[in-house]
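Here's a quick briefing on two interfaces, one inside a chain and one between chains. Have a look at the structure first, then read on.

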Amino acid sequence: MFELRDLYQQVIVDHNKSPRNFGKLEPFNHEADGYNPLCGDKLHIYLQVSDEGLIEGVSFEGEGCAISVASASLMTDAIKGTPVADFEQRFEAFQHMVTSDLAEEPDLDTLGKLAVLSGVREFPSRIKCASLCWHTLKSAVEDSHHVAKTE
Amino acid sequence: MFDIESVRKNFPILNQQIYGKPLVYLDNAATTQKPQSVIDAITHYYAHDNANVHRGVHALSERATKEYEITRKRIAHFFNARSESEVIFTRGTTEAINLIASSWGSSNIKAGDEVLITHMEHHSNIVPWQMLCERVGATLKVAPINDAGELIMEQFDALLCERTKLVGVVQMSNALGTINPVADIIHKAHAVGAVVVVDGAQAAAHMRVDLQALDADFYVTSAHKMYGPTGIGLLIGKEAILDAMPPYQGGGDMIRMVTFEKTEYNDLPYKFEAGTPNIAGTIGFGKAIEYIESIGFEAIEKREKELLAYATAQAEAFDGLRQIGTAREKACVLSFVLAGVHPHDLGTIVDREGVAIRAGHHCAMPVMQFFNVPATARASFSIYNTEAEVDTLFAALKKAQAIFA
Ligand SMILES: Cc1ncc(COP(=O)(O)O)c(C=O)c1O
């Protein structure tokens, strides 16, 4: 049987306790809000994209459960220094991972460390906790000025 | 005598395993489980008596109508309403409040008037009044609460004035467990000429409600929090007030006579029951009330007090646990946050131990804002819960702490 430790792996517990890239980013040229009305998770993402299209910096503020904080922490770590043009693919790969069939192995090449979050598939009510930060970052990348939601 | 084992046997759903562990259902403030008698009554109705009410001359329709109306009588008696014509069936508490706001509110609340509620209301006793105030240009006033989650009566008194046309108050808070002094509130509100809506969604399963003694103008509740089915609830109002109110919805059953020029409305309570009602739900509601009566409020209150005291003692001794809501007068609800563990993680973790609790804002976001927490975990108790189940909850909390240690 799927165990709690598969969801709350040590990496996730650690990132929740000491999240990376937490706080306001200076300078930044994109930002967005994310909100999960069901559980009250709130997120603000700051993003600095260079003229060459490189994500030079990304950070987040807000409050949420361990899954949402760890997911934001891992996400910011993973995309810092990558081309913004690759974001869409990363986003899709992450979405796919958290909604795919349990039997499917996560795509480690694209996802790397993010694969520790694949455990949320077993906890349907928690999937949006993991994906809120990705939707928020997408809003920031697209400058959509809409509060990101997971529904 | 109260026999916990036989009470538990009345609720078939309790006898199951969740992830290989016995189910511990502690989400009773969200909805209670249903006794076999309620389940059987609904099945029996559909298997033997199903027909539309108030419109057929055939045997089934007469049977269905009889059951439906007997239930209304039983409910009137249960709440000590003045007569069964004061009992209006709705979809639940939410629809009942919207009915009052829409019908009574629109014809009685004007620009400059005030509606007074408390800081601990459920969204369903906030939003309809906000919408009404916006529509007519009235003002919504909120009586504050203290750190224990009790209404501050001096401030309530100070806010109550001749401009106050309506007071909305929850009898028992779903987020905090606080029991409000509604008799006192009603007395004071009447002194300034305001009418009072009592939200009994949480209270009605846990304490005797005597509407004539309370002198409540409007009382609302939901069957599903009283061991009855979802989708059925009620509004009980004073006949004189209901009589003067315009209908809420138009349609079948609420009319006496229709021409294209003019419609004559039906008498109470039918004036407010447009369309085919939830007949099976109503019959189930009646059985749920019969069930509560068979145990009796004396036994219910005694038992639930014991259980809350037992849980509270453990909560107080638990490292890192902060209770949200410590009113002197409270019942059945243990709302809390645990240092280092977010309520949602807690909800998921204890679920794997078979324990069902609620994590979130409990449809009372202003309460969360007051206590400056994003959410709380809430265990809420009922007559079928045991001390052993409380122990299982606290053992599961220990597990959650260990995961995040
Ligand atoms: C205090 C209180 N008021 C109102 C409601 C709304 O009840 P319903 O959703 O059944 O209409 C609830 C239910 O959660 C409640 O606890």
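**Two interfaces at a glance**

Arg328(B) and Glu150(B) pair up through their side chains in a salt bridge, 3.8 Å from N to O (the term covers a side-chain nitrogen of Lys or Arg within 4 Å of a carboxyl oxygen of Asp or Glu). This is a predicted model, where local features need pLDDT of at least 70 and side-chain atom pairs count only at pLDDT 80 or more, while totals for chains, interfaces and linings use all residues. Residues are numbered from 1 along each chain as its sequence is written, chains are lettered from A and ligands numbered from 1 in the order in which they are written, and side-chain values use heavy atoms, with hydrogens and water left out.

**Domain 1 against domain 2 in chain B**

- Chain B splits into domain 1 (4–27 + 296–404) and domain 2 (39–293); the bounds come from an automatic or database domain assignment.
- The contact draws 35 residues from domain 1 of chain B and 31 residues from domain 2 of chain B, contact being heavy atoms within 4.5 Å.
- About 2600 Å² is buried between domain 1 and domain 2 of chain B, with carbon and sulfur atoms giving 61% of that; buried area is the accessible area (1.4 Å probe) that two parts lose on being put together, summed over both.
- Phe297(B), Cys363(B) and Phe370(B) supply 24% of what domain 1 of chain B buries against domain 2 of chain B, more than any other three residues.
- The count between these two domains of chain B is one salt bridge.

**Chain A against chain B**

- Here the contact takes 22 residues from chain A and 14 residues from chain B.
- The area buried between chain A and chain B is about 1500 Å², and carbon and sulfur atoms give 58% of it.
- One salt bridge turns up across the interface of chain A and chain B.
- Arg126(A) and Asp345(B) form a salt bridge, with their closest N and O atoms 2.8 Å apart.
- On the side of chain A that touches chain B, α1 (4–7), α2 (10–17) and α3 (66–79) of chain A each supply at least two residues; helices (H or I, at least four residues) and strands (E, at least two) are DSSP runs, numbered from the N terminus.
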